[in-house]
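Hi,

Here's the structure I said I'd pass along.

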Amino acid sequence: MPSLSLLLLPAATLLASLLLGSVPSAYLIVRAANGEDVTDHGSGNVGAMNVRRSTGSWKWFVLAMVADVLKGVIPVAIAKVLAGLGAKLFLPTTLALGALKGEAALLAYLAVWAAAAGALVGHNYSIWMALIKKEFRRTGKGLATGGGALLVYDWRLCVAVVVVGLATIAITRYMMAGQVAAALTLPVASFVLRSHDWPFTLLMGMVVYAAHHQRFIGLLRGKEPELYVNDQMGPRG
């Protein structure tokens with residue numbers, strides 16, 4: 001069993017990444033751009049695509065997307081450095097940990113997993129938005145933030161998710177189909193790469209899919225609009 005003092009690193013990483021992931025980038029950008037509330041538009045989510053629907057601008061969309069990606073990149077990168085993997089920051093985590101054994105390897109895994117999970121959950125259920133709106137509810141779907149976390153955790157998984165997601169959107173013309181395909185690709189890609197961290201990738205994929213479930217069922221029932229990019233074009237959720 002790892003000592004209690006050493007377990008403080010994963011615990012602190014989880015808390016810090018949760019707080020960082022909770023930063024409502026889209027809400028702040030729309031407030032600065034036109035003074036409006038991003039949750040009053042489109043899907044009601046605090047995400048980059050809803051910035052586009054709220055402002056009508058792809059420029060603000062790109063800024064929000066970059067901000068959401070960084071919410072995943074930064075905590076995972078810091079966790080890898082703190083876990084002693086700074087020299088192998090851009091290597092897939094499972095390969096970077098090859099030289100570590102026993103307790104050191106376990107704690108490094110826990111710290112990096114905690115960083116990725118904290119950022120994703122924080123974005124999807126923002127603590128800061130709960131304080132602003134005085135209610136706790138789902139605020140995002142986690143694709144950009146989860147993608148940023150994946151980029152540092154294992155760039156191979158990130159590439160697989162992005163390629164499959166974009167290809168699905170191009171083929172079906174439905175953004176929701178691509179988003180769900182991306183979530184399901186994560187654990188599959190982990191299996192293909194024969195990575196022993198597949199339980200973690202399965203959990204991450206399930207968290208992202210859960211955020212899309214309601215709208216995905218709507219897609220299967222023919223209620224989801226194609227390429228939903230403008231305000232008032234489709235369902236909230």
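To start with one you can check by eye: is the crossing of α4 and α6 left-handed or right-handed? It's right-handed. Bear in mind that this is a predicted model, so everything below is computed from predicted coordinates.

Staying with that pair, the axes of α4 and α6 are 8 Å apart and the packing angle is about 165 degrees. That is over the 145 degrees cut-off, so α4 is roughly antiparallel to α6. On the α4 side, the contact uses Asp68, Lys71, Gly72, Pro75, Val76, Ala79, Lys80 and Ala83. What α6 brings to the contact includes a run of alanines, among them Ala108, Ala111 and Ala115, along with Val112 and His123. Sorted by class, the contact of α4 with α6 has ten nonpolar, two polar and three charged residues.

α4 (residues 58-85) has another partner in α3 (residues 48-55): their axes come within 8 Å and cross at roughly 160 degrees. So α3 and α4 are roughly antiparallel too, and α3 passes α4 in a right-handed crossing. Here Ala48, Met49, Val51, Arg52 and Thr55 of α3 touch Trp58, Trp60, Phe61, Ala64, Met65 and Asp68 of α4.

On to α2 (residues 25-34), which packs on α3 at about 20 degrees, with the axes 9 Å apart. An angle under 35 degrees counts as roughly parallel, and α2 and α3 are therefore roughly parallel to each other. Their crossing is right-handed. Ala26, Ile29, Val30, Ala33 and Asn34 from α2 meet Val51, Ser54 and Thr55 from α3. The contact of α2 with α3 has five nonpolar, three polar and no charged residues.

The largest pocket comes out at about 950 Å³. It is lined by 43 residues, and the closest to its centre are Met65, Gly142, Leu143, Ala144 and Gln179. Elements giving two or more residues to the lining are α3, α4, α6, α8 (143-153), α9 (155-172), α10 (175-192) and α11 (198-220). By class, the lining has 24 nonpolar, 14 polar and five charged residues.

Cheers

How values were computed:
Residues are numbered from 1 along each chain as its sequence is written. This is a predicted model: local features need pLDDT of at least 70, side-chain atom pairs count only at pLDDT 80 or more; totals for chains, interfaces and linings use all residues. Side-chain values use heavy atoms; hydrogens and water are left out. Axes are lines fitted to C-alpha atoms, for helices over the stretch in contact, and angles run from 0 to 180 degrees between N-to-C directions. Helices (H or I, at least four residues) and strands (E, at least two) are DSSP runs, numbered from the N terminus. Angles under 35 degrees count as roughly parallel, over 145 as roughly antiparallel, 65 to 115 as roughly perpendicular and the rest as oblique. A crossing is left-handed if the near helix is turned anticlockwise from the far one by less than a right angle, and right-handed if clockwise. Contact means heavy atoms within 4.5 Å. On a 1 Å grid over the protein atoms alone, a cavity is a set of points where a 1.4 Å probe fits but cannot get out, and a pocket is an open set with protein on both sides within 12 Å along at least five of seven lines; lining residues have an atom within 4 Å of a point. Grid points are joined across faces, edges and corners, and a volume is the space filled by probe spheres set on the points. Ala, Val, Leu, Ile, Met, Phe, Trp, Tyr, Cys and Pro count as nonpolar, Asp, Glu, Lys and Arg as charged, and the others, Gly among them, as polar.
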